Amino acid sequence: MQYEDILYTKADGIATITINRPKQFNAFRAQTCEEMIHAFKDADFDKSIGVVVLTGAGEKAFCTGGDQGTQDGGYGGRGVIGLPIEEVQSAIRDISKPVIARVNGYAIGGGNVLVTICDLAIASDNAQLGQAGPRVGSVDPGFGTALLARVVGEKKAREIWYLCRRYTAQEALQMGLVNAVVPQDQLDAEVKKWCDEIVEKSPTAIALAKKSFNVDTEMIRGMGGLAMHALKLYYETPESAEGGNAFREKRKPEFRKHVK
């Protein structure tokens, strides 16, 4: 595959997948998802790779979710909602190697979900995390909600989704959403340190550990698949459209005018 939206490199047993759309704050479109799926599968099959790093280009954003600038009644790709994001999420879980989120800057919406799903997360001290779905007429009803509750606790997860606030890297550390926070200029060195420690370990033992962790929350995948069909129906409503329109028009949405 010729990559357009991501950068994919390998070195010293580490595969790095970088969402390369900095002008869009590394928001993903259908093409981005397809490329990420391909890269994760390649890393999984490569026996020389022991760990994968997922990050975003530049210093402003890790990922800010689905690109609202491309959405017009759908994202234009394949999958239930025209965006195979559930396959990206599954690829992160299914790969037999740990995936570390290198959180540089904003991790909002679908980007926050990616942080939640990754095995580990290391953030720069200028990172901001949080959900935006209910603010823009969307939601991630699966790993984005239920798994988040397992990670940070049910009350905190509901707060994150219902209020759509942004949280500092230190707040994310306190709630257990990230594993470590370091200054921006030390982020690469810290991520490399964690990667090197993982690469030294038995790959089969690591794979078995990851699979066993996932078993406990595997039902969420089925729940998310079902919920994606409900989400598609929601996207077809004036209420959901109001969120996207307001975002693009840079105004406050008026959702309740469109509730039937």
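The lining of the second largest pocket has, by class, 14 nonpolar, five polar and five charged residues, where Ala, Val, Leu, Ile, Met, Phe, Trp, Tyr, Cys and Pro count as nonpolar, Asp, Glu, Lys and Arg as charged, and the others, Gly among them, as polar. This is a predicted model, in which local features need pLDDT of at least 70 and side-chain atom pairs count only at pLDDT 80 or more, while totals for chains, interfaces and linings use all residues. Residues are numbered from 1 along each chain as its sequence is written, and side-chain values use heavy atoms, with hydrogens and water left out.

A pocket here is an open set of points, on a 1 Å grid over the protein atoms alone, where a 1.4 Å probe fits and protein lies on both sides within 12 Å along at least five of seven lines; its lining residues have an atom within 4 Å of a point. The volume is the space filled by probe spheres set on the points, which are joined across faces, edges and corners. For the second largest pocket this volume is about 540 Å³, and of its 24 lining residues Ile117, Cys118, Asp119, Leu120 and Phe213 are the closest to the centre. Helices (H or I, at least four residues) and strands (E, at least two) are DSSP runs numbered from the N terminus, and α9 gives the most to this lining, with five residues.

The largest pocket holds about 870 Å³ of space. It is lined by 40 residues, with Thr64, Gly66, Gln68, Ala132 and Val136 nearest its centre; α2, β6, α3, α4, α10 and α11 each give two or more residues to the lining. The most comes from α11, with four residues.

Helix α2 (residues 85-94) is largely enclosed by the rest of the structure, because seven of its ten residues are buried, that is, under 20% relative accessible area with a 1.4 Å probe and protein chains only. Among them are Ile85, Val88 and Arg93.

An open sheet of six strands runs in the order β1-β2-β3-β5-β7-β10, with mixed pairing, two strands being paired if DSSP finds at least two bridges between them. At the edges stand β1 and β10, each with a single partner strand, so one side of each is left without a neighbour in the sheet. Further in, β5 and β7 run parallel and are joined by four bridges, and Val103 has Ala123 in β7 as its bridge partner.

Methods: Buried means under 20% relative accessible area, exposed over 50%, partly exposed in between (1.4 Å probe, protein chains only).
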